[in-house]
Amino acid sequence: MINSLFLINPSGEMFLEKHWKSVVSRSVCDYFLEAKEKALEPEDVPPVIHTPHHYLISIYRDKLFFLSVIQTEVPPLFVIEFLHRVAEMIQDYFGECSETVVKDHMVMVYELLEEMLDNGFPLATESNVLKEMIRPPTILRSVVNTLTGTSNVGDTLLTGQLSTIPWRRAGVRYTNNEAYFDVVEEIDAILDQSGTTVFAEIQGVVEACVKLSGMPDLTLSFMNPRLLDDVSFHPCVRYKLWESERVLSFIPPDGNFTLMTYHVNAQNLVAIPVYVKQSISFFECGSDGRLDVTVGPKQTMGKTVEGVMVTVHLPKTILSINLTATQGSYTYDNGTKLLVWDIGKLNPQKLPNLRGSLSLQAGAPKPEENPSLNIDLKIQQLAISGLKVNRLDMFGEKYKPFKGVKYITKAGKFQVRT
Amino acid sequence: MNGHRGFSVLRSEAAGAVRTALVSAENLQLTLKTELSQEEQHLTPHTHTNGGPDETHTKGYCTEVNEDLKEMLESNKESLKLEAMKRVVGLIAKGKNASELFPAVVKNVASKNIELKKLVYVYLVRYAEEQQDLALLSISTFQRALKDPNQLIRASALRVLSSIRVPIIVPIMMLAIKEAASDMSPYVRKTSAHAIQKLYSLDQDQKELLIEVIEKLLKDKSTLVAGSVVMAFEEVCPDRIDLIHKNYRKLCNLLVDVEEWGQVVIISMLTRYARTQFTSPWKEDGVFDEHNERAFYESDEEKTRDETEAKPYMMDPDHRLLLRNTKPLLQSRNTAVVMSVAQLYWHLAPKNEVSIVTKSLVRLLRSHREVQYIVLQNIATMSIQRKGMFEPYMKSFYVRSTDATHIKSLKLEILTSLANEANISTILREFQTYVKSQDKQFAAGTIQAIGRCATNISEVTDTCLNGLVLLLSNRDETVVAESVVVIRKLLQIQPTQHSDIIKHMAKLFDNITVPMARASILWLMGEYCERVPKIAPDVLRKMAKSFTSEEDIVKLQIVNLAAKLYLTNSKQTKLLTQYILNLGKYDQNYDIRDRTRFIRQLIVPNDKNGALSKYAHRILLAPKPAPVLESAYKDRDRYQLGTLSHTINTKASGYLELSDWPAVAPDQSVRNVEVIEPVKEWAPSLGKTGKSKPAKSSDDKFYSDSGEEEEEEEKGSGSSSSEDGSSSSSSSEESGSDAESHVQKNSSQSSEESDKSSSQSEKSSSESDSEKKERKTKTPLQKKTVKPTAKDGDSDENGNVAKEANSSSAGESSSDSESDSDTHTDSDSGTEHKKKTKSKAKPKVEVKSKKEVSLLDLGDFTPAPVTQHKSSVLSPSLLGDLEGLSLSNVSSTIQLSGPAFVPEKSHDLLHRMTGKGLSAQYQFPRQPCLYQPTMVSVQISLTNTTDHPLEQIHIGDRSPTGLNIHCFNTIECLEPEASVTVFIGIDFNDSTQAANFQLCTKEDHFSVSIQPAIGELLLPITMTELDFRKVR
């Protein structure tokens, strides 16, 4: 299966390598680097590259390439999924996944990789199991470690891998027992020039943070489960019960995890919380253009829209811009031609507006397509699909847990064509 | 015996080999050390602060650093050593060479510090291959660890041992693998499955022996092992389909509970398996179709039945089992699992069922970019064959400006495949946006897509053509060029009406610089020169002027155009043509020279070649077939979906072809599990008492004395519930296989599921039975007695009966049993009866259920003959080998004894206040559990303290998941002040974790919990001191 893993930074330096079978020479990465040179953006590097003796499967994430070397037939998704798990694991352990973090914790990352695969086949990918074997670093612990010479490697014998519920470790104890659920919904939409919806859908995810002692058995039910069209679950959820009764019944992992993701029934019309009035025009004769964008609230269900941000990839031929924003501030990177307008909270009384002139490079033809606008926004305390958690029950333990549910709506891939 | 001897010989050989190796290694170490120091001296003058790519530099640097590290490693301080090892591993991680430290590192292999040890292991695995002799020094440590009482230590020792790629230790590895394969801990067995692959890649000659181990591990019932062993199977002997037969149903049933990576592997293996074993569910006439079928097959069961009536084809129940058990996995969070289920449905399911995977695949498009890429590729292949599947989700394939280039083109591809008369206008409108994209590569791709739509859907051909002509005035070069090429293709399809477009293009010719486009226009001119008689010679004139500066591809077309014009209009173009041919004659490119020479001979009449030039007109101006614009994914369906080969569109090494459906289904009965696998006798027990009781096939001694009296005791106290026990035994069997899968945990309650699961469990009942056997050996105590008595019953008294029943019903087809499952109800007697009749179809099942029944009827129990088990699937040699294992000689002396003392104390299960008048108390009768050997029996007394009767008392939801409880039969009514005693069996999985479940009445349910004291989980045995030592 997976033969080797290389971590490569955007400039092409291989700063970590791990082999699970015989050592594969670094030179195999040359094929990849070649493909990387060819691609305009790092995102455009093909995920699967075919070389004479190996197959290279890579992901690009958090400004890092995770490149795995394969020698025989294996489902590519298997590898891709695993690579993402590696990235998530690094994120989970060290708070972020970046080159510096990996370099700082080289040995620990290496040890983790050693535990995650055996002979190229995933062995322990559950964060709960891994954390039992190799404890994540904390400031306190690193102080203690230097003083006492103890280590981060768990010295107790772990049982997680042996249990029938590998995602939960035994003997969890908390003084405050709490279970929090975040229902996060993202609106994916494409609006056309006139503001009509070309395509819109809602994707949701229930993130959980469960800190409960012992072996709690939770049941979460929704007021309106019929809204949910397609779901996928954390392995802890009992699928049959969902099928028959539309409740989520599960023994939760300890800590943070994604309980489920869902897609809202396509028949329901998606409420679009904001509208965007825009005009971007270039004059036929001169090397000049105008930009005028206004954002306003539309269907917000009485909530305030926050964190509004408009991102525009301006055409390459733009020389400079001169804009004024009535609210918030904008930044413009002349290298990448990226215009970001950070609006913040949307005030229905006074609509934010950004207008001004664009100047083109001398002699450059008028761009024939206007750039599309990517919108970012956030609405607290609202699940735009109307999904509501009904109740959470706990069985199996005697104490009374604190329970909480939070709803957030965000913009996913929200695009306005111009 | 032979085998035994053979094996010990092998062992001593191995030991000998290692000994010599070790000696030589030690010598080598000495010599190596001196060499090293010389080298060091030699290199010390080098002072480099960082290791460059240059070989000598690296070495110099390493040596210098290594000097420090070596000192640290050889110090007495743990912390220094640890620090040094961390730096060494840091070097390895960065890809630097640290192999020179090998001798210093390997000394620490036996360190007490776990982290240090782990780091040493990491180092060893990395460098053992390069320093084979030195690596041998560490082997004995691992061999010792392989015998460690702690399963995790055993596992990690095996893991590292097998990762050391040193050929000389192959025999040791082989031995360790075999031993680990029968380890009591499933985790160790899992590790051994991994080790199989490693050994195989090290030494292919071990194949036969390894296959035997795989065969054994395949029979393992643990979900931990399943994925890994199937992986080993795929790697070592993917063609030995025959090993799967007996385990097919078990694998299907375990699938939900296997860890996600294992699921992927198992599903892909089962896909291949199914294609060789079942007949095609696809109708011969592809039209027979989705609509009316879907309506009438509501449930799976019905479907099979209806189909029987309607068509000769009937789906094999095992085929159905696979489809049904994989379906829930579509909801997995692991994208690889979802994809593998999708491909399974695509390759195995009846056409009308395939579409259930659509939604899940579309869901994956929300995932990471790389996942999208793979999924889109697969959808592209699928959508060519089955437009209908993805058409409702068309909008999910709309392109965003932020998508990566390869994602964009795949989406375009899919949109094109999905286009039909109904949605073409929407798609074209969408394409219009794309054509304007800033990403010109993508815009060009869109134009091609428009071309494909135009050819596929004749209604829009003209619209598209007009649109493309408009694009000719686009400012971007690539767009124009692409349009020209596509227009050329379209015109070729219907050339008659479009001379004005050709004229238009001729006018544009001067502005177009992309060679392909220029070539296309020239070709059009030549091909249709009769339609544009005035323009064509003029174009040729221009081209003659610029011939030398054109690209090769354009030059070829100029020559072509000249030739065609010469043939049709020689008056005007004769000179021009000759001029061009002369230019071509001296061109640098040999293709062009060749072409020129050929054309000249063909068209210019002279003496020698008169024969061909007569036909020149017909040769050059023959009507040409229009190009077919089709998807690049058209022929990808020759590869199994979801595979690497499919992605790269070439056969990857190790790709296993998916065979075609067999015309006639191979024997179905091979999947019936008839034999009680001897494995279970071998699998030593797990858990607290594990070490003291490695079970072996020594039943004869086992039960002779103490078993007897325990049985008696059980009779006494158990008789009250014997009726219940027997009638519900069938359901217990069912849950036997199901209970492990938590998703099905309440299948017996929910009627909706019950008919589904009944047929399934029927099939799997055989498994669950043998599973029991397996578990029995795994679990401590109590139960030990029960199973063998069952065996006796069957072999002694019921044996004949059972066999008779078998033969008489052997003719019953499996179709019967399948449809039976419909009528499967919850009524006890009915179920039981049905169960038996059905099970007759499968000999194995029959035997089993007989056993369950006879268990309670028989008064006397004699030991089962051991020989019966020996005549089994395991090859004699392996049996022999196994016999040689050290564990086996001890086990024969283990004797079960009855409990010395049974406490009267009972514990409160449910107080009458909390239970609204229902009170319950439990106690451990310390008897073997009747229902399943792994269960502990618990006696519960229920009392009604209210003044009204309580109805329908039963056990409801339980936790944790996978908790296996054998419930008592629902008590229909409990009168006021009355009390009743019932027995339940609980599988505590050898843990002291409380079993939580709900005690339900008609109106209420109360959560209760039973926490066993550790002593209640154990089974008393008698053994001599000598044996005790041995086992220890």
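# A tour of chains A and B

Start with chain A and select its open sheet of nine strands, which runs in the order S11-S13-S9-S8-S23-S21-S16-S19-S18 with mixed pairing. The edges are S11 (228-233) and S18 (329-333), each of which pairs on one side only. Neighbouring strands here are turned by 15° against each other on average, direction ignored. Strands and helices are DSSP runs numbered from the N terminus (E, at least two residues, for strands; H or I, at least four, for helices), and two strands pair if DSSP finds at least two bridges between them. Axes are lines fitted to C-alpha atoms, for helices over the stretch in contact, and angles run from 0 to 180 degrees between N-to-C directions.

This is a predicted model, in which local features need pLDDT of at least 70, side-chain atom pairs count only at pLDDT 80 or more, and totals for chains, interfaces and linings use all residues. Residues are numbered from 1 along each chain as its sequence is written, chains are lettered from A and ligands numbered from 1 in the order in which they are written, and side-chain values use heavy atoms, with hydrogens and water left out.

Select S18(A) and S19(A), residues 338-344: they pair in the antiparallel sense over five bridges. A:Asp333 stands opposite A:Leu338.

**An enclosed strand.** Next, select S5(A), residues 64-70. Seven of its seven residues are buried, so the strand is largely enclosed by the rest of the structure. Buried means under 20% relative accessible area, exposed over 50%, and partly exposed in between (1.4 Å probe, protein chains only). In a regular strand the side chains alternate between the two faces of the sheet. One side of S5(A) holds A:Leu64, A:Phe66, A:Ser68 and A:Ile70, and the other A:Phe65, A:Leu67 and A:Val69.

S4(A) and S5(A) form a hairpin with two residues between them, and A:Asp62 in the turn has a positive phi of about 50°.

**The interface.** Show both chains. In contact (heavy atoms within 4.5 Å) are 104 residues of chain A and 106 of chain B. The two chains bury about 9,100 Å² between them, 55% of it on carbon and sulfur atoms. Buried area is the accessible area (1.4 Å probe) that two parts lose on being put together, summed over both. Select A:Glu73, A:Leu77 and A:Lys240: they supply 8% of the area that chain A buries against chain B, more than any other three residues.

**Salt bridges.** There are 13 salt bridges between chain A and chain B, each a side-chain nitrogen of Lys or Arg within 4 Å of a carboxyl oxygen of Asp or Glu. Select B:Lys198 and A:Asp118, which meet at 2.9 Å, N to O.

Go to A:Glu115 and B:Arg159, whose closest N and O atoms are 3.5 Å apart. A:Glu115 lies in helix H4 (residues 106-116) of chain A and B:Arg159 in helix H8 (residues 151-163) of chain B, so the pair joins two chains. A:Glu115 counts as buried at 10% relative accessibility, and B:Arg159 counts as buried at 12%.

Now select A:Glu186 and B:Arg366, a salt bridge with closest N and O atoms 3.0 Å apart. A:Glu186 counts as partly exposed at 23% relative accessibility, as does B:Arg366 at 27%.
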